[in-house]
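Thank you all for making time for this. Please have a look at the structure on the screen while I talk.

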Amino acid sequence: QVFPHDRPIFVRIKVYLNTTAYKTHITLKIYNSNLETMLASHDFEPDGNSLVPSETDTYEFQVQVPANFLTPGKYYLGAQVARQMLNNRIRPVHKLDHTSEFEVYDNGSLLSQLNIPWQGLVHNPLIKWIRLDKNKE
């Protein structure tokens, strides 16, 4: 699939747990074209409520990657279901890596309008720049 850089990307993850699982969590990973991990996001991060017993059921998540976050290029998705063990180590129960290739393309960014190449692996236009007047102190 192909996505414009200035639109959010939605990823849907659906998992069936066939036994009650304690301290189980789900991780979404995004890999770059060199298969290096660019992003790892866990289902418990928004509210801390997932590292609790999970009953036998089907769990479905929609994960939103913000607009203007990934630079143009090819990426791959990965996901894993893992359990936190008594010694606090993480044990993957099921893992899919480097699946679902997708591409982000420049949809007419200011960078392309100024003929400036994208740099880095992620882009964040939310970083604030404030021009300081050198005459004011």
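I will go from the overall chain to the sheet and then to the core.

Before that, please keep in mind that this is a predicted model, in which local features need pLDDT of at least 70 and side-chain atom pairs count only at pLDDT 80 or more, whereas totals for chains, interfaces and linings use all residues. Residues are numbered from 1 along each chain as its sequence is written, and side-chain values use heavy atoms, with hydrogens and water left out.

The protein chain has one helix and seven strands, where helices (H or I, at least four residues) and strands (E, at least two) are DSSP runs numbered from the N terminus. Along the sequence, the pattern reads β-β-β-β-β-β-β-α.

Five strands form an open sheet of mixed pairing, in the order β1-β7-β6-β3-β4; two strands pair if DSSP finds at least two bridges between them. Because β1 (2–4) and β4 (37–42) stand at the edges, each with a single partner strand, one side of each is left without a neighbour in the sheet. β3 and β4 pair in the antiparallel sense over five bridges, and Leu 28 has Ser 41 in β4 as its bridge partner.

Now to the largest nonpolar core, which has 17 residues; such a core is a set of buried Ala, Val, Leu, Ile, Met, Phe, Trp, Tyr and Cys residues joined through side-chain atoms within 4.5 Å, buried meaning under 20% relative accessible area with a 1.4 Å probe, protein chains only. Among the residues with the most contacts inside this core are Ile 9, Leu 70 and Tyr 75, and its largest share, five residues, comes from β2.

Definitions and conventions. Buried means under 20% relative accessible area, exposed over 50%, partly exposed in between (1.4 Å probe, protein chains only).
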